[in-house]
Amino acid sequence: MTLVTATKRSARGTARADGGRRRPPDRGAWFLVLPALIPILVLSVGPLLYGILLAFTDAQSGRTEPTEWIGGLNFRDLLHDTLYWESFRIGLVWAVGVTVPQFLLALGLALLLNQDLRLRWLARALAIIPWAMPEVVVGVMWRLVYSPDAGVLNETLRDLGLGDGRDWLSGLGTALPAVIVVGVWAGMPQTAVALLAGLQNTPRELHEAAAMDGAGAWRRFRTVTWPALRPVALAITALNFIWNFNAFALVYVLTSGGPGGRTRLPMLFAYEEAFRYGQFGYAAAMGCVMVAVISVLLALFLVGRLRGGDDA
Amino acid sequence: MRTSTGGRIGQYLALFGYLVFLAFPFLWLVSTAFKTPQELGSPHPTWIPRDPTLANFRQAFDEQPLLRAAGNSLLAALGAALIAVLIATPLAYVMARHRSRLTKAATGWVVVSQAFPLVLVIIPLFLVLKQLRLINSLSGLVMVYVVWALPFALWMLVGYVRAVPAELEEAAAVDGAGRLRTLVSVTAPLLAPGIVATGLFAFITAWNEFFFALVLLKTPEKQTLPVVLTRFIGAEGVADLGPLAAAAFLATLPSLVVFAVIQRRITGGMLAGAVKS
């Protein structure tokens, strides 16, 4: 829905900007705007709309007969595609399973980095690693950690006398938790740094005043830190959820969706459908469903949170 | 705001936990990259290689066209970063200084574009690029990367432009400088560090990107580093761990160095964009 509104608006904006009423932009502004606007329209907004159209066709790769408009047939098939809904469920488990611990850990790290601790610089420096690494390398790296015989995880567990090692990424029960841990590791520092920036915008005097009034650490957090941090925290959590739900590279490298589809996120499913089996129309329909569901979930989340905030 | 001794100890323990969590996978990667095959095959792996070797690096270069892949990545990332910054800066300037329907729509697009799954964009792009015979070509990939890097580049740049006081420009105008003159001699120099940071950030995201490269590049000669890296993992998911670790380590170094340099600016830029818009 938001997509359509945004594009509509952009179209109207284009038509009106010449005779804009409020603050007539001078002709020079057009000259500044066009270089970015044309590629955005041609390579982003255009394909997005085209993609939505494709979802209503039987487009396939490498087919000779022309593509036909088939209405809602893809969506009907999708509705009965139990494998897809299973992957959707896995995607939600993964997105929630990554986003929530990611946020809690990041908040903890941000609060620590906001204190006068000696090793702060080291934590800041290390936090760059997951953030700057290519996702493919993060995947490769954790494969080495999880490796059944040559991995550090099993070796450590053996040293601690906790079992004799497993093949974490191939186990039906362990694969999803194992990739979720990687997801948390990969995104946590970025969230922490953003939260830290938010923390540093809170006036220190407020904390001091609260401390003078005898408020303990938890009360100071509840009454001073959190209210100031809340908008940033909400925005980050919403974005993280979307990014996590749409994730691809990390899990592609770690498990390729295995074992037995236990880690097959919706993006992996759609990718295989489109580029392994050539079902472009069907895969596009999957993309549409993902957008729709994400929009609804986010709307519910934001409305709920915002309303909750009014009472607090 | 004094913390009790017990609280302090707790804080240090927590910080130590974070340090271990953040560092150990990377240390393991580095350690694996320098291990001999015998050590990798031993049932009790060690943290520090007993007999450090460069053989894995040599083997990695022998097995896959790493140098060419790095060259491809460099070209794609440089091209994308340069073009993205060149076309984003003027739009960001207008977005920061004028409020019109158009700039509002652009802001809306920046936010919305973060939400749609790439698969919905890549299928049509694939069809279009195929028509233009730009599949398996770096120019096609650069085009995609430019648009993909634009939202964030705009986001950061709008923040940087807002940080340049409009009064400075007005003062220059009062002094009789034309619009272009003001932009070039007043705004641009103040904006330069932000533009560089944005460009470097676009560079890293393109250097690290995997999904588009996987779909658009077919032959090993054209593939970028992340795609070539996955070729070390065989069809059955079996990987030659040593060379894989060596190649992965090399692929990370450039982004780590660049990121270490600009990390502060990125956070600043992100926040400036987020807080003030």
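**Notes on the interface and some local features**

1. Chain B and chain A have zero salt bridges between them. Please keep in mind throughout that this is a predicted model.

2. The side of chain B that touches chain A draws its largest share, 17 residues, from helix H12 (residues 241-276) of chain B. By residue type, that side of chain B divides into 65 nonpolar, 14 polar and six charged residues.

3. As for extent, 85 residues from chain B and 100 residues from chain A take part in the contact. The two chains bury about 8,600 Å² between them, and 79% of this is on carbon and sulfur atoms.

4. Polar contacts do occur across the interface: seven residue pairs are found between chain B and chain A, both residues of each pair being at pLDDT 80 or more.

5. Which residues form a nonpolar patch on the surface? The members are A:Tyr50, A:Leu53 and A:Trp69 from chain A, with B:Val128 and B:Leu132 from chain B. Together they have about 500 Å² of accessible area. Of these, B:Leu132 sits in the loop that runs between helix H6 (118-131) and helix H7 (138-163) of chain B.

6. How many salt bridges does a search of the whole structure find? Over all chains, the number is six.

7. A:Glu86 and A:Arg89 form a salt bridge in which the closest N and O atoms are 3.1 Å apart. Both residues belong to helix H4 (residues 82-113) of chain A, and because they are three residues apart there, about one helical turn separates them.

8. The loop between helix H11 (249-254) and helix H12 (266-275) of chain A contains A:Pro259. The peptide bond joining A:Gly258 and A:Pro259 is cis, with omega about -10°.

9. A:Ser256 is also placed in the loop between H11 and H12 of chain A. Its phi is near 55°, which is a positive value in a residue other than glycine.

How values were computed:
Residues are numbered from 1 along each chain as its sequence is written. Chains are lettered from A and ligands numbered from 1 in the order in which they are written. This is a predicted model: local features need pLDDT of at least 70, side-chain atom pairs count only at pLDDT 80 or more; totals for chains, interfaces and linings use all residues. Side-chain values use heavy atoms; hydrogens and water are left out. Contact means heavy atoms within 4.5 Å. Buried area is the accessible area (1.4 Å probe) that two parts lose on being put together, summed over both. A salt bridge is a side-chain nitrogen of Lys or Arg within 4 Å of a carboxyl oxygen of Asp or Glu. A polar contact is a pair of N or O atoms within 3.5 Å; within protein, one must be able to donate a hydrogen and the other to accept it, and residues adjacent in sequence count only if both atoms are side-chain atoms. Helices (H or I, at least four residues) and strands (E, at least two) are DSSP runs, numbered from the N terminus. Ala, Val, Leu, Ile, Met, Phe, Trp, Tyr, Cys and Pro count as nonpolar, Asp, Glu, Lys and Arg as charged, and the others, Gly among them, as polar. Patches are made of residues with over 30% relative accessible area and no salt bridge: like charges are joined within 9 Å, nonpolar side chains (Val, Leu, Ile, Met, Phe, Trp, Tyr) within 5 Å. Accessible areas come from the Shrake-Rupley method with a 1.4 Å probe; for residues, only the protein chains shown count as cover.
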